[in-house]
Amino acid sequence: MELAAAAALGKFIGAGLACIGMGGSAMGVGNVAGNFLAGALRNPSAAAGQTATLFIGIAFAEALGIFSFLVALLLMFAV
Amino acid sequence: MANTTTTATDVAEGTAEAVGHAADAAGHAAESAGMPQLDFSTFPNQIFWLLVTLVVLYFILAKIALPRLAGILADRQGRITSDLEMAARLKDQAQEAEKAYQQALVDARTEAGKIVAAARAEIQADLDKATAKADAEIAARAAESAKRIDEIRAGAVASVSDVAKDTAEAIVAALGGKADAKSVAAAVAARMKG
Amino acid sequence: MAAETEAQGLTFHPMDQFKVGPLFGDALSAFSITNVTLWMAVAVLCVIVLFVLGTAKRSVVPGRMQSIAELAYGFVYKMVEDVTGHDGVKYFPYIFTLFIFIAFSNFLGLLPGAFTTTSHVAVTAVMAVMVFLFVTILGFAKNGLHFLGLFWVSSAPLALRPILAVIELISYFVRPVSHSIRLAGNMMAGHAVIKVFAAFAPLVLFSAVGYAVTPLSILAIVAMYALEILVAFIQAYVFTILTCVYLRDALHPGH
């Protein structure tokens with residue numbers, strides 16, 4: 001019983017720690033979007049052609065945040 | 001999820017039953033995986049229906065919708081190009097018509113100028129003729145008048161010399177002289193010239 | 001455990017909305033009619049209404065439905081053409097099918113009470129693995145062993161190339177994982193967060209704190225919902241454009 005409670009406690013702490021990873025992904029996405037905007041303001045004519053690249057970059061950066069979210073969920077519900 | 005429930009309510013309600021709940025929750029989680037996404041017993045069902053759906057969708061889209069849409073877009077493109085060509089052609093026609101109109105206008109203007117000039121020349125000729133005729137008439141009349149004036153003057157001079165002769169004879173007779181007509185006439189003629 | 005929390009007034013079941021269950025009876029086999037079947041059928045129906053009935057008139061000046069259909073067609077067509085180049089256009093129907101299925105599932109999942117088929121890893125993983133296998137087989141079929149040049153970065157210094165090849169190989173095999181988890185994770189996360197906020201909403205019935213919490217949670221639900229509408233589209237777009245990128249790698253591995 002004590003062990004089970006400790007394990008449950010550990011799961012929650014682990015899940016919470018995993019959520020820190022989402023912050024990293026948030027910074028990544030912000031970095032991509034911000035740099036895109038900075039570039040787009042310098043050369044607006046080239047921006048339209050690069051939106052696909054923007055979204056691909058955001059998707060890659062975001063995937064890692066989703067992974068940490070997944071780890072959190074797995075810890076909470078599946079472990 | 002029971003775990004979230006308990007923690008959240010505990011926070012909200014300020015109760016302290018977490019330990020017991022957590023223990024319960026741990027037991028519960030062991031008995032059924034909390035995430036429906038990881039419930040492998042539902043996977044065959046989902047995958048089967050997904051494949052059915054994708055195949056159905058593919059046939060609907062690839063056999064009916066996409067060719068139709070491609071056709072619609074191609075039609076529209078063709079129609080737009082043909083409409084643009086038609087518009088260009090109509091514009092050309094309009095420009096030609098305008099050119100023709102301007103040409104006609106210029107022609108009409110020159111024609112009108114010609115007509116005006118001809119009319120003016122004709123009028124001028126008539127006028128000249130009339131002026132000449134009138135001049136001739138005036139000249140004739142003037143000559144006639146001059147002749148008559150001359151006649152009148154000559155008549156007047158003759159009558160003046162007659163009167164002068166008569167007067168001179170009468171005066172000479174009254175003065176007691178006897179004057180022959182010839183010398184009186186010569187004297188009057190000399191005086192008249194003087 | 002639900003019973004204990006219900007006793008306290010609030011019920012948190014953020015993951016219950018993702019449960020798969022048969023609509024008729026209890027037995028769950030691969031072929032039984034479940035809520036997955038129902039919502040996939042609804043998606044197919046919506047596609048039929050929009051893309052078959054909506055374009056039935058073939059009018060030159062499009063109506064509302066036909067404009068949406070044309071817009072979707074033009075959007076995906078341009079994406080495929082821009083990313084994969086001209087020789088990728090013949091795979092356009094497959095990509096369009098994927099895009100339409102994901103977009104419709106995402107949007108239908110936002111209806112209250114609806115089941116989001118794309119929030120399940122089983123569904124997205126099948127699609128991602130299909131794309132992965134298709135692209136890999138196509139790459140070898142088109143380019144033969146040249147396709148392996150994708151992993152051999154010839155622009156890097158020779159000493160680095162084996163290391164890069166290992167990294168490239170790993171990232172290549174992680175593709176279907178990230179491809180599927182991204183979509184399922186996004187949909188799951190958004191819906192779960194909305195559900196958590198929704199669970200706070202009835203707090204006003206049980207506690208004085210609720211007067212502050214309930215309006216906030218309702219506001220949060222509205223905000224999350226707006227974000228989810230955006231995410232529903234963006235994730236369909238991202239899934240499709242990544243498919244196009246993988247397809248381009250298969251067609252022109254030299255890049």
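Of the 255 residues in chain C, 51% are buried, where buried means under 20% relative accessible area with a 1.4 Å probe and protein chains only. The model is predicted: local features need pLDDT of at least 70, side-chain atom pairs count only at pLDDT 80 or more, and totals for chains, interfaces and linings use all residues. Residues are numbered from 1 along each chain as its sequence is written, chains are lettered from A and ligands numbered from 1 in the order in which they are written, and side-chain values use heavy atoms, without hydrogens and water.

Chain C exposes about 11700 Å², of which carbon and sulfur atoms supply 75%; these areas come from the Shrake-Rupley method with a 1.4 Å probe. Along the principal axes, its C-alpha atoms fill a box of roughly 70 × 55 × 40 Å.

The secondary structure of chain C consists of seven helices and zero strands, helices being DSSP runs of H or I with at least four residues and strands runs of E with at least two. Among contacts (heavy atoms within 4.5 Å) in chain C between residues at least 6 apart in sequence, 68% join residues at least 24 apart.

Helix H5 (121–143) and helix H6 (161–200) of chain C are the elements that give two or more residues to the lining.

Note on methods. Buried < 20%, exposed > 50% of the residue type's maximum accessible area, 1.4 Å probe, protein only.
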